[in-house]
Amino acid sequence: MILWGSSDSGAIENLKFLEEKLYNFKFIKITKLVQLKKIKSKKISLIITGSAIGNSLDKKLIKFSKLNKIKSISIIEHWTNYKKRFLLNKKYIYPDFIFLNDKKAYIDALKK
């Protein structure tokens, strides 16, 4: 099962697109962390998030993935604030993988 969620509307559209194209996988969308209580973490094989700035669902899902040893991917669909997107309570929390929208974003993100 792939769990996904984001506080960012742009990322949500990208994640919906992924869910439609990868129809062979079971996706579960969450909008609030409370919903995780109903889902057994052992059944989750991957967590995909956006990269919303601030105290967002995205970072809370990354934190959940780290605590439960679940691989995570975040999607950055904009060309700014690469590091700030992963700052939570004055600490950086990064997913296992970051997907960017093009080569320019990749090069810029590596510089940061």
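1. The model is predicted: local features need pLDDT of at least 70, side-chain atom pairs count only at pLDDT 80 or more, and totals for chains, interfaces and linings use all residues. Residues are numbered from 1 along each chain as its sequence is written, and side-chain values use heavy atoms, with hydrogens and water left out.

2. Strand E3 (residues 46-49) pairs in the parallel sense with strand E1 (residues 2-5) over four bridges, and with strand E4 (residues 71-76) in the parallel sense over four bridges. Helices (H or I, at least four residues) and strands (E, at least two) are DSSP runs, numbered from the N terminus; two strands pair if DSSP finds at least two bridges between them. Threonine 49 in E3 is the bridge partner of glycine 5, while isoleucine 47 stands opposite serine 72 in E4. From E3 the chain crosses through helix H2 (residues 57-67) to E4 in a right-handed β-α-β crossover (with the strands pointing away from the viewer, the path from the first strand over the helix to the second runs clockwise).

3. Both faces of E3 are covered: Leu46 and Ile48 on one side, and Ile47 and Thr49 on the other, are all buried. Buried means under 20% relative accessible area, exposed over 50%, and partly exposed in between (1.4 Å probe, protein chains only).

4. Two aromatic pairs are present. Phenylalanine 86 and tyrosine 94 form a tilted pair, 5.4 Å centre to centre with 40° between the planes; the rings of tyrosine 92 and tyrosine 94 are stacked, with centres 6.0 Å apart and planes at 10°. Rings of Phe, Tyr and Trp (its six-membered ring) pair if their centres lie within 6.5 Å; planes under 30 degrees apart count as stacked, over 60 as edge-to-face and the rest as tilted. Phenylalanine 86 is buried at 1% relative accessible area, whereas tyrosine 94 is partly exposed at 35%.

5. Three salt bridges are found (a side-chain nitrogen of Lys or Arg within 4 Å of a carboxyl oxygen of Asp or Glu). Glutamate 13 and lysine 16 form one of them at 3.7 Å, N to O; both lie in helix H1 (residues 9-21), three residues apart. Aspartate 96 and lysine 66 form a salt bridge with the closest N and O atoms 3.3 Å apart. That pair links distant parts of the chain, 30 residues apart: aspartate 96 in the loop between strand E6 (91-92) and strand E7 (97-100), and lysine 66 in helix H2.
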